[in-house]
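Have the model open while you read.

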Amino acid sequence: MKLLSFLDGNRESWGAVAENGVVDLGRALPQYPVLADFLGSDDYAGREAIVAGHKPTMALSDVKYLPVIPRPEKIVCAVRNYLDHHNEAVAFGMKREITEFPPIFLRVWRSQVAHNAPVIRPKVSDNFDWEGELAVVIGKSGRHISQADAWDHVAGYSIYNDVSVRDWQRHAQQIASGKNFVGTGPFGPWLVTPDEIGDPTKLKLETRVNGAVVQSSDTSMLIFSIPRLIEYSSTIFDLVPGDVIATGTPAGVGFTRKPPVFLTPGDVVEVEIENIGVLRNPVVDEA
């Protein structure tokens, strides 16, 4: 099942993709104002029957998407978590070692944009780089979650583009300043439930800029697995429904190229992940 958040006029809602349309579950289930509330509810296990009881209210082609989880409490992002990306960073000249613990940082929800929405290059930089990533969405609360239990806390999967302002990222050892500009976190187009994903450790990932492939890898290259990321994050935080874990990006980013290649206004970035779909965003300059 594919679940998404969207705008119906000025009203935020959420729903399910069905028959090339969207079932407006935000209207049908007012007890769950946002998708994250439904993910954490007892009704989530019965989602197939719930959706089957309703008809689509709009065509999928007419949907104005919101980020899958518009206001997650936490967006936990893994750093250099693909072996191929780690190797390209080292080859570029960065002094990096694979650590015992997953390096992470936090994104703020206000940095997010939806599928098809413009991603915004800030006025202060032209070092604007792509990072296609698999996103894990939490559905069950927990703290000190073991790796053995981690899969039980996953509501589904989506696509993230952790677009990075590289020069600001390097202002200090902590990289969050280059990762939280407004309008730089595409997230979408929807959440796909685990039963439709297959093996999440072997998903193909491809990023394209103006149709040209710039990243091509798969999730078997992850250094720290999804269960390890959940275990580590839940040791620090209380994970709650709707929290997002962006699992890192593979090789092929722009800054390691010679000469570097960065996104410019008019470019279109697409991140495609097997069994999920395509997250597409045009690039614009900050007004």
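This is a predicted model: local features need pLDDT of at least 70, side-chain atom pairs count only at pLDDT 80 or more; totals for chains, interfaces and linings use all residues.

## Strands side by side

One spot to look at is R121, which sits opposite D285 in β19.

## The hairpin

β19 also pairs with strand β18, residues 268-273, this time in the antiparallel sense and over six bridges. Here E272 stands opposite V278 of β19.

How many residues lie between β18 and β19 in their hairpin? Three, and N275 in that turn has a positive phi of about 70 degrees.

## The whole chain

Zooming out, the protein chain holds six helices and 19 strands. Its radius of gyration is 18 Å, close to the 19 Å the globule rule gives for 287 residues, so the chain is as compact as a globular protein of that length. The C-alpha trace spans about 55 × 45 × 30 Å along its principal axes.

Looking at contacts with a separation of 6 or more, 76% are between residues 24 or more positions apart.

Of the 287 residues, 55% count as buried. The accessible surface comes to about 12,300 Å², with 52% of that belonging to carbon and sulfur atoms.

As for charge, there are 27 positive and 36 negative side chains, and the centres of those two sets lie 5 Å apart.

Key:
Residues are numbered from 1 along each chain as its sequence is written. Side-chain values use heavy atoms; hydrogens and water are left out. Helices (H or I, at least four residues) and strands (E, at least two) are DSSP runs, numbered from the N terminus. The radius of gyration is taken over C-alpha atoms; the globule rule is 2.2 Å times the number of residues to the power 0.38. Buried means under 20% relative accessible area, exposed over 50%, partly exposed in between (1.4 Å probe, protein chains only). Contact means heavy atoms within 4.5 Å. Accessible areas come from the Shrake-Rupley method with a 1.4 Å probe; for residues, only the protein chains shown count as cover. Lys and Arg count as positive and Asp and Glu as negative; His and the chain ends are not counted. The place of a charge is taken as NZ of Lys, CZ of Arg, CG of Asp or CD of Glu. Two strands pair if DSSP finds at least two bridges between them.
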